[in-house]
There are 2 protein chains.
Amino acid sequence: MGLIVQKFGGTSVGSIEKIKKVADRVIEEAANGNDVVVVVSAMGKTTDELVSMSYDITERPSKREMDMLLTTGEQVTIAFLTMALIEKGQEAISLTGWQAGIKCEAVYGNARILDIDTEKVQSSLNEGKVVVVAGFQGLAEDGGITTLGRGGSDTTAVALAAALKADRCDIYTDVTGVFTTDPRYVKNARKLYSISYDEMLELANLGAGVLHPRAVEFAKNHHIPLEVRSSTAQEKGTLIEEEATMEQNLIVRGIAFEDRITRVTIYGLAGSLGTLSTIFTTLAKNQINVDIIIQSMTEQDMNNLSFSIKSEDVSNLLEVLEANKEMMPFQRVETETNLAKVSIVGSGMISNPGVAAEMFAVLAEAKIQIKMVSTSEIKVSTVINEKEMVTAVEALHEAFKLDERKPVEVL
Amino acid sequence: MGLIVQKFGGTSVGSIEKIKKVADRVIEEAANGNDVVVVVSAMGKTTDELVSMSYDITERPSKREMDMLLTTGEQVTIAFLTMALIEKGQEAISLTGWQAGIKCEAVYGNARILDIDTEKVQSSLNEGKVVVVAGFQGLAEDGGITTLGRGGSDTTAVALAAALKADRCDIYTDVTGVFTTDPRYVKNARKLYSISYDEMLELANLGAGVLHPRAVEFAKNHHIPLEVRSSTAQEKGTLIEEEATMEQNLIVRGIAFEDRITRVTIYGLAGSLGTLSTIFTTLAKNQINVDIIIQSMTEQDMNNLSFSIKSEDVSNLLEVLEANKEMMPFQRVETETNLAKVSIVGSGMISNPGVAAEMFAVLAEAKIQIKMVSTSEIKVSTVINEKEMVTAVEALHEAFKLDERKPVEVL
């Protein structure tokens, strides 16, 4: 007996048939004697269709009105799922974000949750009902309906779990858990049964795509155990918690990778103290996310600066640099596209200073040139040629023995 | 300078193109210096699609969840229309029913408006914004989202107009106004430029279909002038107000008609005092609407009773009568289908007792047999054979000179 928050994403509720299956999953958990709160996203492609229609009206839709529009998607899903639960004999009630007491900043399109008034959810649970909550949305301080931005339904689920002091938050998705690396690319990729918040954060930020970093961070701060599970297969998923005890011996827990990376080098940058700050503030203001940064002093008062960005941002970047050249003078810009980022992640690295060296050795042996490097306490990232990405991941996966199942794992 | 409430129905907002045209209509009114509140329905067939999907889940969808589902329809429209207004340079804000302060009974699927807290609408108007409100919906006393049942968006518009003390409430629709009779059947049908609330109520209840009776009644009780106008054509519509002064001379204002009527006769009904009350209470409980009722005493303690119902209710009626036979004993039931109801309406009748007689004479001359008659102060209804319906309407339209334009009319 406990309180479980379950979250089902857009693919899991993509059709009426799938919604009926989700209802079975929910009832299963309730039949175990648990109180269940279910958070759902909009059905499959609903959001994309609504967005596309709004662009037939205007190139720059009002963010407030876009939120008004898109939040109908989850409202449709909660109604359908609740109907399905009732049809199957399970008492249930649907609640929109505002009905569930989810209070947000009035930042349309990308609001953060400020507070959750759980009274209505709690009283409905007390009446023996499964509570079905619309993810991705909340009530803004100005009375408007806001969305929480990317990965929003994950965040709704974790925030509700924290506010309700839930025993667990299960994230149902179209994969069966978190893997040592992407199984679509590396056939030996193995499902992890346990991973720490910090490791998951690095993997999430590095593009593993299973779980939104914001949700992981929220879970970490509020000590909510997360489990990533398959919405279709009946098998154990990946538990994300404080310390991943079961596989403690593993130095490297997983390998993340991302293609379509571009390295940008700015030559002959005027070397005043504020230049770096000016550049990166300007880029951030223009929604250009910079990842790895390398600065090397070559001449007196003249710096060369390299950083990596997503290839899709290159044209925007070049425009922004040109437009602001007066504020931050430079000689020329070079870009190198068709690169990829490959990273190894594991909290065991903190006490193993040789891990980065081992990674470089593995890549060298595979004759892969490293173009950039960045390290944190629990990860090492390298930028390499895109066409060598999978080879690199496979070599690292084997070298760090990620395909070997540890005997301490429990199914 | 005044405050205008405009209402656009599902057909008027059936596509993005149509929504853009509605935006032009709204801006036109705002450009005249008026404060404008716009009430809209769901886009065209949205509601039907959602209903059909819910029946793939369950044969008996929860009414609360059905309301949760269907209210997304208007929420989509308000977002799109507000985006279109902003794109065209008009400041605007969308509000759902609950955001617009529309408070309802917790009767899902068919709630009545209890009160409107106009604070948010008023403050948005004060900021110079057009306020776009989702019709057909409100906030139930228990915190749920309810719909107002049939004709709900008309009611939202009129109720908002009353609460805001609006100068006028314009109902935009796919016809250009209220006609002397249905122009699809009678080519000489003529648009009325003025009609009283009571006349409109009789016409609305008699199936004229332009405006929901509930909305007309609300307008009458709160003295809100209504205008029925075309959402596409630029022409004067029909003004509905206390006294239709401009065409006062007309004794008959319009002719309403409805096919698919069945006459039911119950023979040998036990004649105790409570029998009639028992019958009609039982029918009402089973959602069978009885229209014209004729009772004739034929033998001691044995009554024959006739009434008209919609043909679609016949099978349900026969079941209900059989199931309750013990409570209200009778000998046998006869039904006559393929009938129609034709009614003349006009407040001038009150002072013209001969109007009913004239109607009967016109029908007799056309060799049309009258099967049932019912009269009120401002209308006379007759039930005749369905196949003679249009002939009857044409004969009456001509006899009462409804196709002659009066010189006092103002364009």
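B:Glu29 sits in helix α1 of chain B (helices are DSSP runs of H or I, at least four residues, and strands are runs of E, at least two, numbered from the N terminus). Keep in mind that this is a predicted model, where local features need pLDDT of at least 70, side-chain atom pairs count only at pLDDT 80 or more, and totals for chains, interfaces and linings use all residues. Residues are numbered from 1 along each chain as its sequence is written, chains are lettered from A in the order in which they are written, and side-chain values use heavy atoms, leaving out hydrogens and water.

**Around B:Glu29**
- B:Glu29 is buried, with a relative accessible area of 9% (buried means under 20%, exposed over 50%, partly exposed in between, with a 1.4 Å probe and protein chains only).
- Its side chain makes a polar contact with the side chain of B:Asn34, at 3.3 Å (a pair of N or O atoms within 3.5 Å; within protein, one must be able to donate a hydrogen and the other to accept it, and residues adjacent in sequence count only if both atoms are side-chain atoms).
- Leaving aside residues up to four places away in sequence, B:Glu29 touches several others, including B:Arg168, B:Asp170 and B:Arg229 (contact means heavy atoms within 4.5 Å).

**Salt bridges**
- Over all chains, the structure holds 40 salt bridges (a side-chain nitrogen of Lys or Arg within 4 Å of a carboxyl oxygen of Asp or Glu).
- In chain A, a network of salt bridges links A:Glu29, A:Arg168, A:Asp170, A:Glu227 and A:Arg229.
- A:Arg229 and A:Glu227 pair up at 3.9 Å, N to O, and both of these residues are buried.
- B:Lys310 pairs with B:Glu258, their closest N and O atoms being 3.0 Å apart.
- B:Lys310 is in strand β15 and B:Glu258 in strand β13, so this bridge ties together parts 52 residues apart in sequence.
- B:Lys310 is partly exposed at 38%, while B:Glu258 is buried at 18%.

**Where the chains meet**
- 41 residues of chain B are in contact with 41 residues of chain A.
- The two chains bury about 3,200 Å² between them, 70% of it on carbon and sulfur atoms (buried area is the accessible area, with a 1.4 Å probe, that two parts lose on being put together, summed over both).
- On the chain B side, α3(B) gives the most, with 17 residues.
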